[in-house]
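Open the model in your viewer and keep the selection tool at hand. This tour goes stop by stop, with something to select at each one.

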4 protein chains.
Amino acid sequence: MSLTSPLHGVVPPVCTPLDPRGEVDTASLARLVEHLIGGGVHGLFALGSTSEVAYLTDEQRATALETVVDATDGRVPVLAGVIDTTTARVVEHARSAAGLGADALVATAPFYTRTHGKEIAQHFRRLRATVDLPLFAYDIPVAVHSKLSPALVRELAEDGTLAGLKDSSGDEGGLRRLIVELGGREGRANSPAPRFSILTGSELTVDAALLAGADGVVPGIGNVDPAGYVRLYDAARAGNWELAAQEQERLVELFAMVDAGPEADMGRSSSALGSFKAALQLLGVIDCGDTAFPQIQLSAESVALVSRHLRAAGLPPVR
Amino acid sequence: MSLTSPLHGVVPPVCTPLDPRGEVDTASLARLVEHLIGGGVHGLFALGSTSEVAYLTDEQRATALETVVDATDGRVPVLAGVIDTTTARVVEHARSAAGLGADALVATAPFYTRTHGKEIAQHFRRLRATVDLPLFAYDIPVAVHSKLSPALVRELAEDGTLAGLKDSSGDEGGLRRLIVELGGREGRANSPAPRFSILTGSELTVDAALLAGADGVVPGIGNVDPAGYVRLYDAARAGNWELAAQEQERLVELFAMVDAGPEADMGRSSSALGSFKAALQLLGVIDCGDTAFPQIQLSAESVALVSRHLRAAGLPPVR
Amino acid sequence: MSLTSPLHGVVPPVCTPLDPRGEVDTASLARLVEHLIGGGVHGLFALGSTSEVAYLTDEQRATALETVVDATDGRVPVLAGVIDTTTARVVEHARSAAGLGADALVATAPFYTRTHGKEIAQHFRRLRATVDLPLFAYDIPVAVHSKLSPALVRELAEDGTLAGLKDSSGDEGGLRRLIVELGGREGRANSPAPRFSILTGSELTVDAALLAGADGVVPGIGNVDPAGYVRLYDAARAGNWELAAQEQERLVELFAMVDAGPEADMGRSSSALGSFKAALQLLGVIDCGDTAFPQIQLSAESVALVSRHLRAAGLPPVR
Amino acid sequence: MSLTSPLHGVVPPVCTPLDPRGEVDTASLARLVEHLIGGGVHGLFALGSTSEVAYLTDEQRATALETVVDATDGRVPVLAGVIDTTTARVVEHARSAAGLGADALVATAPFYTRTHGKEIAQHFRRLRATVDLPLFAYDIPVAVHSKLSPALVRELAEDGTLAGLKDSSGDEGGLRRLIVELGGREGRANSPAPRFSILTGSELTVDAALLAGADGVVPGIGNVDPAGYVRLYDAARAGNWELAAQEQERLVELFAMVDAGPEADMGRSSSALGSFKAALQLLGVIDCGDTAFPQIQLSAESVALVSRHLRAAGLPPVR
């Protein structure tokens, strides 16, 4: 499904279910895609950070993306993360993703290396020139350890290199400035030109981002409750901001599951990803809640905590 | 004016005008207070970061606070920053502020030293026990280099140590989680208990913070356009979120003045503070736009840029 | 004692003993000065980070400095830390220190505020111009959160603003580059001009710093074992690097006391300062090992651990 | 060449020469290996950060490693970097490196993801268990954004997971503590057990590291002047520390070439790598000084600056 209009709405980063041996569980992944599309989402983001892309071999990445594309069957656009250290490696992922039928690419700035703004610009331009798919910049300093400057994003938006931005920087003030510089809420809505698409990855302030003029959201916990984020989005589009905020509050409460794993025993990222997968298993969507090696797995006690969060949010576990 | 109800609304951190010798210009400061109260603000925060508190001697701090208290004359509550490295030094500022008539105190975690959460809790408890004024925690990692954990804030809110939080952490997601944990939008609004007051220092996303359930805002650029922030606040209180967002966008554009000073020549903080003061001078509120030594001053060219930002925002300079 | 020759050798940052009420224990402090001078040190640094300067009120700072100056009685030079957020406040401390008889001043870059290199240069120049004492720059990013650039230090060394540098940045490679740029090991040793004095605060690599051409060291744990650092220094000066390294190893082992306090219960800084003071109490030098509020105190178990470290290093406790 | 004794001495991270199209220039790389072995180095580290490993595709990595192994022909051990985000991906590189004849592997902690100490331990243990080659931990926080804790390194040293450490953390004090905990200078030298090998990546303080008891060094600028580092190492082994320090000073001066590229125009890493490659081209060792895309290339002016640094260090360019 080509991106004929700007990408908008709820675009969850699709978790990658694994079997107990650590291989991609394609049947579970196909069920997860169905769960998400059934929840009304507007697109899918495969091979993102929440998909544990950094833990998957190239072969596993291909399996996961192929499964998502096939299960989606053109009903919504599929974005593919092409996450690697620098341009040459990212281009290889991009070619693979294009061959597997992705509708758009999502790339970060170079990482591991220390890079300059001019080098980051060259990186995105080369990517766009080499593989002919809409390109989204993925601003995620917690992983990449540099922040895309608003000036750079604006430059690459205006010259057509980027089709959009997935902003996981947590810098909501900076995002607001960028939106204003790109035309503002009304200016962007009424522009005749194809619009640069701004998606927030800040899943706890989606009502705010939409009020500010963002086009959509990429919520990790949208794996667990896609319909909740769709309700939030619909309320916002209808101008019912109180209802949007109310739904956002429910999702904030649900999100507390990310702290299920004790901080002394495991990383915050492992705890969060583990809780999403545990929730999906408890809801009967996927077969096994394991996260990829070397992440520490949630204990039974932590999974019970996830279960309680689900119940409290009106999402009763089926197992 | 004692804080009988939770502090709410627009509470600007009051700039400290200086004369060309670097001393507090009390006449200009009194005019600034009038400008702010005339703009409809709900409180004043003296001796905050935007007040250049870190640049003022104890004597200058006292002069500034006394001037604000006198000029305010009980029309709105006056909060006083008590900014210093650790408890014993902060207590001295707190006693001085109480003696000068402040209605509440605003204190950060210890800085310069490296501190533990348990030590920060002891710090706030000792402060509260020693000086009998409502105490606000000032979460400003960019200055203090530690972040107040939500668990700690909640603990100190629930045991009555803190009357409120001024959140300048930029972590809007974390603030949302805190608000939900403290009762949420509706729960907090309807609570019979005296409410913990949550003020955001993120001046570019105030509509969002109010939608999330924050009580008010402490906007640096509110020195320049207090009436704009009051309109934003009123629209939000009236549930007119589109209008609030529209006003916020105008203020985001105005805020761009903070980059008036070239990055190669001066710090970002000096440029921002310099632009606020230059704007106040251009608007005829204060006599001299100088920032405190050793900050680099804005060039005439940069001041001209500030002037253009004022005009564009509908605030024509008078000089 | 004026600094007629470049400062060199072992210059411990003098701990500030407190009584159980938290006031400066001047008798203990005088005994500590005797302990240090008796150990052969070449200078004393009062009111540094290890002196808990950030925890002391202005009055307590004056008491501590006066006590050190009096007890020293001109036998070695006394440097005084003038630690505060910005220039105007630092100048007040500098005037006080000069009045109390300090032989030199030690100042950091501005902190709490965010500052530019040009502003830091103005800061040091104003300080030097205002109070006529040799001025040392104190590079301590862990407290101040900016690093003095080698280019800036060199500029301020060459124009005579700075008499020396106390480098607690931990950037040994950068320090090596600076030494080479300032003439190198031999060049500096043979220079007819009054020499810029380079003191390292990296107490675990003093042999290395001296081999590189540094002039001396400011070791926190030198409070506990001044004679050990003096032996290290003397061995290095004699060109007996193997002996210097052997002594350094013994001091590294002793230094392990800084982890006496459990990480879950207290900050690393509180644990380190607490261990130094506990050791001084165990050695009979000071009466009470308390650190300043709000720091958590070492438990009896932690103090026992400090005691074992003393014994292992050949410094048997007397209580 | 199997690592029968602990790795020691000078082990440069081998630059990867590229042709103007960006492909590995195997003829230049073979000449570089000859240049290094001719300079007397004790081992070679292929596919490290200085080798631009993060910029090379898997195929280019294989070509580079194969070329180094073939050109070395068993004269010194060849270590291979296996740099990727997490275990599964690193294992693939490790298998490839083993197949290509590497004598040992060098792996970092996971990156891009946020990881916990227990997860890092699992990561190294799985690697060691999966590919039967000596394993070195590569501590490089500037790239990986986490620091290996001394306790973890010690645990993995003592249980035989790790054969050694390449420490590019810049934390010389921490390294000193680790060496002391692992037996100290003498203890380690006289131990009958196979020794854990400690190599510093801090190329400006090699004399210091060797004095502290490190076994060797992995100097990026050792590509340019391998013989200089070998002289430094030999002087240290002979106990001639003054000579070692003198040689180190010359190398510190040479190292200043890393700032050849203007900071406004390119990253510090690109400038450093570009200067090494420019120097190798000027010395006639490699054909083309280009760094990998998207790095900015040094200007002719910057290359001229590199040339002057070579001359000043007694390494006259041949072109």
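What follows is a walk through annotated sites, a cavity, backbone details and chain pairs. Keep in mind that this is a predicted model.

**Stop 1**

Start with Tyr138(A). It sits in strand 5, residues 135–139 of chain A. Is Tyr138(A) buried or exposed? It is buried, at a relative accessible area of 3%. Now show what surrounds Tyr138(A). Beyond its sequence neighbours, its contacts include Phe45(A), Ser49(A), Ile83(A), Leu148(A) and Lys166(A). Look also for Tyr112(D), a contact of Tyr138(A) from chain D. Then display side chains. Which side chain makes a polar contact with that of Tyr138(A)? It is the side chain of Ser49(A), at 2.8 Å.

Move to Lys166(A). This residue belongs to strand 6, residues 164–167 of chain A. Lys166(A) counts as buried because its relative accessibility is 7%, under the 20% cut-off. Its contacts, sequence neighbours aside, include Ala137(A), Tyr138(A), Asp139(A) and Leu199(A).

**Stop 2**

Zoom to Thr50(A). It lies in the loop between strand 2 (44–46) and helix 2 (58–72) of chain A. At 15% relative accessibility, Thr50(A) is buried. Its partners away in sequence are Pro13(A), Cys15(A), Gly220(A), Asn223(A), Leu273(A) and Phe276(A).

Now centre on Val218(A). Find it in the loop between strand 8 (216–217) and helix 10 (226–237) of chain A. Val218(A) is buried too, with 3% relative accessibility. It is in contact with Pro13(A), Phe45(A) and Lys166(A), among others. Pro13(A) also touches Thr50(A).

**Stop 3: Glu52 in chains A and C**

Stay in the loop between strand 2 and helix 2 of chain A and select Glu52(A). Check its backbone: phi is positive, about 60°, although the residue is not a glycine. Glu52(A) is buried, at 1% relative accessibility.

Now jump to Glu52(C). Its place is the loop between strand 2 (44–46) and helix 2 of chain C. Phi of Glu52(C) is positive, near 60°. Glu52(C) counts as buried, with a relative accessibility of 2%.

While in chain C, select Thr72(C), in helix 2 (residues 58–72). Thr72(C) is buried at 1% relative accessibility. Around it, sequence neighbours aside, are its contacts Val33(C), Ile37(C), Leu44(C) and Val78(C).

**Stop 4: the largest cavity**

The largest has a volume of about 180 Å³. Of its 15 lining residues, those closest to the centre are Glu172(C), Thr205(C), Ala208(C), Thr205(D) and Ala208(D).

Which helices each supply at least two residues of this lining? Colour helix 7 (172–181) and helix 9 (206–212) in both chain C and chain D. Helix 7 of chain D gives the most, with four residues. By class, the lining has nine nonpolar, two polar and four charged residues.

**Stop 5: cis peptide bonds**

Select Phe293(B) and Pro294(B). The peptide bond between them is cis, with omega near 10°. Pro294(B) is in the loop between helix 12 (268–282) and helix 13 (300–312) of chain B.

Then take Phe293(C) and Pro294(C). Their bond is also cis, and omega is about 5°. Pro294(C) lies in the loop between helix 12 (268–282) and helix 13 (300–312) of chain C.

**Stop 6: a loop glycine and the chain pairs**

Select Gly183(B), in the loop between helix 7 (172–181) and helix 8 (184–190) of chain B. Gly183(B) is partly exposed, at 41% relative accessible area. Draw a line to Ala98(B): the C-alpha atoms are 31 Å apart.

Finally, show whole chains. Chain A and chain C share no contact, and their closest C-alpha atoms lie 10 Å apart. Chain B and chain D do not touch either, with nearest C-alpha atoms 10 Å apart.

How values were computed. Residues are numbered from 1 along each chain as its sequence is written. Chains are lettered from A and ligands numbered from 1 in the order in which they are written. This is a predicted model: local features need pLDDT of at least 70, side-chain atom pairs count only at pLDDT 80 or more; totals for chains, interfaces and linings use all residues. Side-chain values use heavy atoms; hydrogens and water are left out. On a 1 Å grid over the protein atoms alone, a cavity is a set of points where a 1.4 Å probe fits but cannot get out, and a pocket is an open set with protein on both sides within 12 Å along at least five of seven lines; lining residues have an atom within 4 Å of a point. Grid points are joined across faces, edges and corners, and a volume is the space filled by probe spheres set on the points. Ala, Val, Leu, Ile, Met, Phe, Trp, Tyr, Cys and Pro count as nonpolar, Asp, Glu, Lys and Arg as charged, and the others, Gly among them, as polar. Buried means under 20% relative accessible area, exposed over 50%, partly exposed in between (1.4 Å probe, protein chains only). Contact means heavy atoms within 4.5 Å. A polar contact is a pair of N or O atoms within 3.5 Å; within protein, one must be able to donate a hydrogen and the other to accept it, and residues adjacent in sequence count only if both atoms are side-chain atoms. Lists of a residue's contacts leave out its neighbours within four places in sequence.
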